[in-house]
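Open the model in your viewer and keep the selection panel at hand.

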Amino acid sequence: MIKVGRRRVVGVIRGVRTYHFDSFRRGDCVVLRSVLKPDKASLSKPLENGSQWQTPYGVFGHDEIIGKKTRSTIVNKHGDKFLVTHPTLEEYILHRIRLAQPIYPHDAAAIVNLADIHVDNGCVDPDETLHYLEAGTGHGSLTLAICRAIHSANVRNADGTVEKQGAVLHSIDRNQNHSKVGRRNVQNFRRGMYSNDVQFHVADSPAEWLKTQQDMQLSGVFLDLPSPHVGLKAIAKEMRLDAPLTVFCPSVSQIQDLSEEVNQDADIPLTMITVAELLPGMGGGMRPWDVRSSVVKETGQIARVCRPKVGSKMVGGGFVALFKRIPDGIRKPRITNQPSQSPSHSPSEETSWWSRLKSFWKS
Ligand SMILES: C[S@@+](CC[C@H](N)C(=O)[O-])C[C@H]1O[C@@H](n2cnc3c(N)ncnc32)[C@H](O)[C@@H]1O
């Protein structure tokens, strides 16, 4: 049913619940921002009747906010005015308490953009669901960005449940607490509008989790974990032909290691398409880099760090590599510093590898 008022339209359009964020309800997380000093901002927990919100600028009752219009003004005990709004995705991610380092939301959007996902409920067969995989879940920043891209493939009923699951993201983390935080961050963003787009799983690795699934054909993979090369072969084997696999790494040396591994292992059916640096801002100037060796907490191994420097709280920057699933059995060129002995490593063989791959795509 659709109720049309002079100022707003509320209700259900073609079986899909419409969301209105023109006022605040119980369960909403809200942003408080000083009117005079807009850089002073705070994010609330989900609003609850009778609860108090302790901020650096004073204590506010949740009941002062529930039911108010967005962009309402509230006042602290000193008479300072604050605007209350629904958080943008960026405000939400950056202000939530974190256990894992999130990908900066604009970077997450760029990574998803690189994967070039175009799905909606019309382009998926009625009896088909497209499966996407992400590891690790962490703070849920990349999760939300991926959900946004696949959201329109899922048709929802008026009560918010899914009528047709056209696409689903499987988000894997080996740390149960990180998985819980990621799930909660999705649930508490915009009244959980993306909750039905994702399923959270705890497993030692994405490859281990895939072993528990039968014939999962992945339409896209997103990796942001300390050892993205582990299990890459098993993941790639479960990908659809030409499906994208993006890897986010803070350090460009990790991307280089990954690229070498993919190139040297003929059994990993992937080819590298693009490597890009995620720039934290616009403009010129000098950019400090962090170049050192460090121990990876999760694996205990020593890794080379070679990346632009970032602040401790402010995230942003890093590198992303895009790979694509290629047919099984396509031989890849190997770069050696030895004079060519075998025809398989000669430049002409490399040329023929590319021409075979190109002719495969054309066919
Ligand atoms: C940097 S965080 C991911 C942040 C996330 N992409 C975001 O944007 O919020 C890395 C996550 O990978 C998880 N992780 C580490 N090794 C893993 C593995 N082998 N399998 C699954 N998750 C893993 C960690 O527990 C951590 O939560």
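Select the protein chain first. Of its 363 residues, 31% count as buried (20 or more other C-beta atoms within 10 Å of the residue's own, with C-beta atoms placed from the backbone). This is a predicted model: local features need pLDDT of at least 70, side-chain atom pairs count only at pLDDT 80 or more, and totals for chains, interfaces and linings use all residues. Numbering starts from 1 along each chain as its sequence is written.

Colour by secondary structure. The chain shows 8 helices and 20 strands, taken as DSSP runs numbered from the N terminus (helices H or I, at least four residues; strands E, at least two). Among contacts with a separation of 6 or more, 65% join residues 24 or more positions apart; a contact means C-beta atoms within 7 Å.

Now select the ligand. Its shell holds 23 residues, with Pro102, Gly136, Gly138, His139 and Ser141 the closest (C-beta atom within 6 Å of the molecule). Helix H3 (141-150) and strand S13 (167-173) each give two or more residues to this shell. By class, the shell has 9 nonpolar, 10 polar and 4 charged residues; Gly counts as polar.

Next, the largest nonpolar core. Select Ile111, Tyr132, Ile146, Cys147, Ile150, Val221 and Val247: of the 66 residues, these touch the most other members. Such a core joins buried Ala, Val, Leu, Ile, Met, Phe, Trp, Tyr and Cys residues through C-beta atoms within 7 Å. H3 gives the most, with 7 residues. Domain 1 (23-87) and domain 2 (92-325) both contribute, so the core lies between them; the bounds come from an automatic or database domain assignment.

Finish on Cys147. Beyond its neighbours within four places in sequence, Cys147 contacts Leu169, Val186, Tyr194, Asp197 and Val198.

Notes:
Buried ≥ 20, exposed ≤ 12 C-beta atoms within 10 Å, placed from the backbone. Contact = placed C-beta atoms within 7 Å.
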